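This briefing is meant to be read alongside the sequence and the coordinates. It goes through selected features by topic.

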Amino acid sequence: AGRDKEDLVVPTSGGRYDVHLKERQRIAVYWEEEASEVRRCTWFYKGDKDNKYIPYSETFSEELEEAYMIAVTLDEWKKKLESPSREIIILHNPKLMVHYHPVATSDDWGSTPTEQGRPRTVKRGVENIAAEIPNGEPLQIDHLVFVVHGIGPACDIRFRSIVQCVNDFRNVSLSMLQAHFKKAQEEQRIGRVEFLPVNWHSSLHSTGVDVDLERITLPSINRLRHFINDTILDVFFYNSSTYCQTIVDTVASEMNRLYQLFLQRNPLFKGGVSIAGHSLGSLILFDLLTNQKAAPEGDEHSKEGSRTASSDRGIEEVKDILKKLELSEYCDVFEKEKMDRQALFLCTEKNLKEMGIPLGPRMKILHYISSKTEMQRGAEPGSPSQHDLDSTDDGGNCQYRDVGLGQVSANYPQLNYKPTIFFAFGSPIGMFLTVRGVKRINPNYSLPTCKGFFNIFHPFDPVAYRIEPMIVPDLEFEPMLLPHHKGRKRMHLELKEGLTRMSVDLKNNLLGSLRVAWQSFTRAPLPAVEAASTDAEAEAEASVEKLPETKAEEPPAAAKEEASLINVGRLNGGNRIDYVLQEKPIESFNEYLFALQGHLCYWESEDTVLLVLKEIYQTQGITLDQPLPGSQ
């Protein structure tokens with residue numbers, strides 16, 4: 001039993017760290033991190049400038065305890081101890097023990113160590129020490145979210161790692177749960193959401209590419225070049241087939257590993273899994289999700305049925321193509337040969353000739369095949385699920401292009417779970433799709449294994465792009481404004497809207513008055529009764545003319561509600577996709593000054609965290625205590 005006690009491992013910090021009592025070390029469970037020391041604290045010291053008691057090391061605490069017990073037993077006080085770093089501790093009596101700062105050598109004035117500086121107070125035991133010990137996190141975990149970082153090893157303006165930034169995100173989520181899900185917490189219907197970081201940067205740069213880059217990097221402006229090699233080049237690495245494969249393999253395998261490890265440590269977990277990506281990380285996740293297989297492999301019977309259905313659908317597609325080429329009379333020939341769309345595109349002139357197709361129709365079919373092949377040459381061949389973007393694409397409906405068009409040719413791994421929601425923070429997905437040649441996304445397209453997709457961005461984020469205009473390009477509308485977590489719009493935005501509305505009203509009233517005055521000057525004088533009726537008509541005309549202008553310039557609340565009801569397709573289950581944060585008052589003074597901060601602000605953004613929690617718990621039928629104004 002004693003041996004088992006020595007080897008005891010205690011999970012702490014919500015199960016993300018294990019404390020090994022024998023080694024006195026705290027070790028991270030889900031990511032690589034240097035082990036931190038754990039102390040059993042019995043003796044403490046506190047200086048004038050310290051705001052709390054600091055524990056001595058266990059070894060020196062044992063020496064202090066031994067000297068203290070001798071002093072108490074023999075009643076011999078004023079004991080002096082010297083630590084290995086030449087620090088002097090004097091035990092005057094049980095209530096007065098002091099610690100003097102170390103002295104390297106005696107100074108020119110001949111002062112003794114006990115005379116130098118103000119001593120620290122020494123205390124034995126933990127009585128009367130005001131220590132704020134946190135209650136800890138709820139044990140129940142309702143949902144798991146994997147968070148993938150963007151370019152570079154640093155994720156925020158303070159150059160912190162993804163682990164530290166996700167810690168902030170998790171802490172904000174705990175405070176938001178207490179503030180906005182208090183009723184559900186009191187009824188013990190919810191616990192918390194666990195956020196785990198996914199790091200791919202270290203794996204990429206451990207491939208030896210940094211050594212190769214070092215050889216060709218110029219020696220001038222060394223720090224800037226090193227920064228570019230470590231961060232900006234990650235975008236180019238992702239667009240290289242060699243390193244793209246490394247990145248997607250790392251992200252997928254790491255998320256699968258973390259998922260299995262999490263289930264091992266939490267065997268009672270029954271919740272869902274979502275994924276979130278920041279910057280380039282969101283693009284990596286998007287490409288992974290577009291290449292997931294929609295249906296899991298079932299038994300042989302279901303496989304056979306799906307193959308038959310797919311074959312029938314392919315034959316129907318071939319019939320449509322032949323009708324378009326005005327070759328319907330040959331439909332029976334192709335159906336007899338069980339020729340589907342894929343087989344048609346593999347046909348050569350020799351094959352068509354053997355099927356008995358005359359020269360003219362053969363030329364038409366071969367020209368169609370070659371033209372379609374040229375048009376889709378940029379797409380990855382055999383990519384699973386991407387034809388779902390436009391399942392009726394037979395050449396007659398070419399405004400929709402494959403979302404996989406222009407993707408780097410790589411073998412995209414499969415995830416061991418189906419994500420509930422995909423959250424993108426400050427994401428360049430829209431820009432990359434456009435650069436790859438995708439101009440429009442089919443409104444009927446959805447990610448094969450993930451039914452939720454939220455694109456969240458700061459208005460000044462220089463890396464973020466919208467998604468909805470690619471689905472509904474003919475309609476101009478604003479992204480959904482994320483409500484403030486305290487339940488109202490930021491004051492400077494309300495003030496700006498109020499002033500805009502006031503200026504519109506003033507302008508309309510002024511124009512109406514000028515019209516009335518101008519009409520009264522230009523009309524000939526009439527009898528009093530007719531003049532009165534003319535004035536009434538003029539006022540009525542002015543009010544009629546004024547009404548449409550006011551409606552055109554003023555954005556009423558109904559228009560905002562209508563904006564949230566815009567059909568933006570199935571990418572987010574029919575719900576809005578683009579959500580914009582409200583900038584802070586100080587940020588509105590200069591957009592350029594806060595552009596970088598805008599891209600790195602999501603980790604501590606209460607509004608972002610609250611949207612994530614709201615959408616996750618909505619899938620479980622749990623809502624906010626009080627609905628926020630303006631929320632969907």
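Predicted model: local features only at pLDDT ≥ 70, side-chain atom pairs only at ≥ 80, totals over all residues.

**Cysteines**

Cysteine 601 has a relative accessibility of 13% and therefore counts as buried.

- The structure holds zero disulfides, and cysteine 165 accordingly is in no disulfide, the nearest cysteine sulfur being that of cysteine 155 at 4.9 Å.
- That separation of 4.9 Å is to be read against the cut-off, since a disulfide is called for a pair of cysteine sulfur atoms within 2.5 Å.
- Cysteine 165 counts as buried because its relative accessibility is 0%.

- Leucine 581 lies in the loop that runs between strand E17 and helix H21, the latter spanning residues 595-599.
- With a relative accessible area of 3%, leucine 581 is buried.
- Leaving aside residues up to four places away in sequence, the contacts of leucine 581 include Cys601, Tyr602, Ser605, Asp607 and Thr608, and also Phe457, His458, Pro459, Leu481 and Leu482.
- Histidine 484 is 97 residues from leucine 581 in sequence, while their C-alpha atoms are 8.4 Å apart in space.

- Asparagine 572 is placed in the loop between helix H20 (557-564) and strand E17 (578-580).
- Its relative accessibility of 4% is why asparagine 572 counts as buried.
- When residues up to four places away in sequence are not counted, asparagine 572 touches Lys451, Gly452, Phe453 and Phe454, together with Ile577.

**Strand pairing around E10**

- Strand E10 (residues 120-124) runs antiparallel to strand E5 (residues 43-46), and four bridges join the two.
- Within E10, threonine 121 is the residue that stands opposite lysine 46.
- Strand E10 also pairs with strand E9 (residues 96-100), in the antiparallel sense and over two bridges.
- Histidine 99 has arginine 120, in E10, as its bridge partner.

**Nonpolar surface patch**

- A nonpolar patch on the surface is formed by Phe159, Ile221, Leu224, Phe227, Ile228, Ile232 and Phe236, which together have about 710 Å² of accessible area.
- Helix H7 (residues 222-230) supplies the largest share of this nonpolar patch, namely three residues.
- Leucine 224 has its place in helix H7, and its relative accessibility of 44% means that leucine 224 counts as partly exposed.

Note on methods: Residues numbered from 1 in each chain as written. Heavy atoms only, no water. Pairing = 2+ DSSP bridges. Buried < 20%, exposed > 50% of the residue type's maximum accessible area, 1.4 Å probe, protein only. Contact = heavy atoms within 4.5 Å. Patch = residues over 30% accessible without salt bridge, like charges linked within 9 Å, V, L, I, M, F, W, Y side chains within 5 Å. Areas by Shrake-Rupley, 256 points an atom, 1.4 Å probe, with all protein chains shown as cover. Salt bridge = Lys/Arg side-chain N within 4 Å of Asp/Glu carboxyl O.
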